[in-house]
Amino acid sequence: MAKVIILVIDADNDPIYQTGRALWRANADRHGIPLYFLKSALEVTDDTIYVEQDCFYTKWIDEMHARINDKTLKALQYCHEHLEFDYILRTNLSSFYRLDALLAFLETAPRQLFYGGPVQELTIPVEEGGDYTLEYVSGSGILLSRDLIPAMLVKKEVIPQHHVDDIWTGVALLGLPRHPIPRCDFEDIDSLEASNILKIVARIKETESRGDFHFRIKNSGNQPRHVLDSLVFGMLAERYFS
């Protein structure tokens, strides 16, 4: 069976992130998958990564994109040097995965040169004039085979780290094929009305029937986000944990 490690970009103590953190722990434990939350701490003042239970701590960097990039690259380096795995999934607290389906997917996925997830595009102006369209995998779920980690790490000193890590990874792996992995988005739940409950149920069932396994939950609307997100997280947990 393919071995995967999950790295989750962590945020703060907002109630919805506490919900996402608890669900990730329960989900990974249920399937026996190593899971680590990537955190920054003011107490860390050097470039060391500190491991405490299921958390990786790195130094605080004020600029958010540079901070996320620093957390991700240091975690990738630590895993490559100290842990056994075939793939790494770098995701976040706004995502939910059907991990049994992910493991089944990895059984037939390439073990080398695999860079996959929800593919997005970014238009970048070039000095010579015109634009360049960069295809990259969204930070909601970057799936990497082990062999790509050292190929990325050698570019730390070459590619500026002011881009957020998903764009940075897309640049670092320029020329490598992107493997699109579908994602079911819940970003349009604007109330707790019964019609929205039915919409959530239908969307979950449709996603499951296709064999897809990645859900992204990040709502905004009339209710506070943590109320709407907790509703979706709760329905996912009830379906896949009960």
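## Terms and basis

Two strands are taken to pair if DSSP finds at least two bridges between them. Helices (H or I, at least four residues) and strands (E, at least two) are DSSP runs, numbered from the N terminus.

The model is predicted: local features need pLDDT of at least 70, side-chain atom pairs count only at pLDDT 80 or more, and totals for chains, interfaces and linings use all residues. Residues are numbered from 1 along each chain as its sequence is written, and side-chain values use heavy atoms, with hydrogens and water left out.

Strands in the order 6-13-12 form an open sheet of three strands with mixed pairing. Its edge strands, strand 6 (95-97) and strand 12 (184-186), each pair on one side only. From one strand to the next the twist averages 20° (axes are lines fitted to C-alpha atoms, for helices over the stretch in contact; angles run from 0 to 180 degrees between N-to-C directions).

Three bridges link strand 6 to strand 13 (residues 214-217) in the antiparallel sense, and tyrosine 97 has histidine 214 as its bridge partner in strand 13. Helix 6 (residues 194-209) packs on the sheet and touches strand 12 and strand 13, contact meaning heavy atoms within 4.5 Å. The direction of helix 6 makes about 165° with that of strand 12.

## Strand 1

Strand 1 (residues 4-9) is largely enclosed by the rest of the structure, because six of its six residues are buried (under 20% relative accessible area, 1.4 Å probe, protein chains only). Val4, Ile6 and Val8 lie on one side and Ile5, Leu7 and Ile9 on the other.

Strand 1 runs parallel to strand 5 (residues 87-92), joined by six bridges; leucine 7 has arginine 90 as its partner there.

Terms used:
Buried < 20%, exposed > 50% of the residue type's maximum accessible area, 1.4 Å probe, protein only.
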